[in-house]
Protein chains: 2
Amino acid sequence: MAKNVFDEIPKIEKETGKLSSAQKILLTTDGSVTSILDVLKGHVDINTLKQEFIPANEEISSILKINQGDSVNYRVVIIKTEKEPLIYAVSLVPINRLNDEFKEDLIRADIPIGRILKKHNIESRREIKSIFIEKPDNELKEIFDTDSPFLCRTYNIIHHGEILIHLKEMFPCSLFLE
Amino acid sequence: MAKNVFDEIPKIEKETGKLSSAQKILLTTDGSVTSILDVLKGHVDINTLKQEFIPANEEISSILKINQGDSVNYRVVIIKTEKEPLIYAVSLVPINRLNDEFKEDLIRADIPIGRILKKHNIESRREIKSIFIEKPDNELKEIFDTDSPFLCRTYNIIHHGEILIHLKEMFPCSLFLE
């Protein structure tokens with residue numbers, strides 16, 4: 001799988017022009033994106049746009065490998081510095097795979113997921129599922145103040161052999177050019 | 001700890017001049033360095049310079065939190081493309097924390113550790129211990145064909161709450177400038 005995902009980079013570059021090292025790493029890393037943003041941009045925070053519990057529909061149950069109707073935390077955040085938005089991130093977390101402390105931190109909603117995992121010393125692995133380009137909708141255009149196409153990826157954070165978190169992350173091609 | 005480690009970057013930049021995004025990420029990421037090199041440089045391989053089992057001395061037993069005399073796999077490799085050496089890496093692995101399949105892959109010696117972890121779906125977390133500059137010795141100068149100072153870090157890969165691998169990675173300031 002990893003191999004296929006890497007093969008997407010040259011295809012994307014045909015549309016966007018050459019990606020920077022930082023962009024390529026942000027699209028493919030299996031490490032904490034929060035840590036990378038911390039070192040590139042100074043300490044980052046999140047702005048939570050949406051945070052709710054929803055029952056898994058067919059699509060979500062298939063993504064998370066849970067039953068339809070199971071409770072899922074659905075969170076949409078902007079990871080940002082004080083000055084600028086950096087990454088738009090949508091997460092799906094099946095609630096009954098969480099312990100109480102993790103759940104509290106997730107609901108408090110002001111902590112990036114990478115930092116929650118670190119705080120609780122959670123051992124995990126990340127499986128990158130897809131990398132692609134997407135045109136921004138009006139919400140994204142407004143938040144990032146750009147018409148640039150967005151670089152996107154989806155991935156799973158696996159813990160105890162199960163999907164603990166499914167994430168989609170997006171940032172405009174005009175960011176992280178260095 | 002992570003916070004302190006990030007604080008080292010500006011100190012290092014006082015000596016080396018501004019680091020590139022790729023250099024800063026390589027020094028601080030808690031993800032697979034092999035993956036990052038794969039996406040930046042094309043598929044990388046390793047050249048094993050040393051690979052042996054040694055009894056832990058006082059220093060090693062303290063680093064790995066094992067008893068003195070316990071058997072440790074000591075491995076020195078160059079991660080490289082076909083064209084150029086990229087990273088010099090020294091690893092210490094306490095043997096009795098490994099299962100047999102992992103041990104075989106480690107001893108086969110031609111697989112980067114990031115790829116071994118991925119192959120066996122190992123869930124882990126990485127704790128960056130230190131980031132610093134070091135002058136190259138003659139071996140490093142010769143391998144990398146440079147007198148540049150080297151950017152270095154040490155970190156632990158933690159699995160089941162114990163140190164599975166201690167690593168030191170080094171690369172010359174003249175690499176990953178983009």
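In helix 2 of chain B, residues B:A22, B:I25 and B:L26 meet B:V33, B:I36, B:L37 and B:L40 of helix 3 of chain B, where contact means heavy atoms within 4.5 Å and helices are DSSP runs (H or I, at least four residues) numbered from the N terminus. The residues of this contact divide into 7 nonpolar, no polar and no charged; Ala, Val, Leu, Ile, Met, Phe, Trp, Tyr, Cys and Pro count as nonpolar, Asp, Glu, Lys and Arg as charged, and the others, Gly among them, as polar. The model is predicted: local features need pLDDT of at least 70, side-chain atom pairs count only at pLDDT 80 or more, and totals for chains, interfaces and linings use all residues. Residues are numbered from 1 along each chain as its sequence is written, chains are lettered from A in the order in which they are written, and side-chain values use heavy atoms, with hydrogens and water left out.

Chain A can be laid on chain B with an RMSD of 0.0 Å by a turn of 180 degrees and a shift of 0.0 Å along the axis, the copies being superposed by least squares on the C-alpha atoms of residues with pLDDT of at least 70 in both. The two copies are thus related as by a two-fold rotation axis. In chain A, the C-alpha of A:G31 is the nearest to the axis, 1.7 Å from it.

The contact between the chains takes 31 residues from chain A and 31 residues from chain B. About 2500 Å² is buried between chain A and chain B, and carbon and sulfur atoms give 56% of this area. Buried area is the accessible area (1.4 Å probe) that two parts lose on being put together, summed over both.

Key. Helix = DSSP H or I, 4+ residues; strand = E, 2+ residues; numbered from the N terminus.
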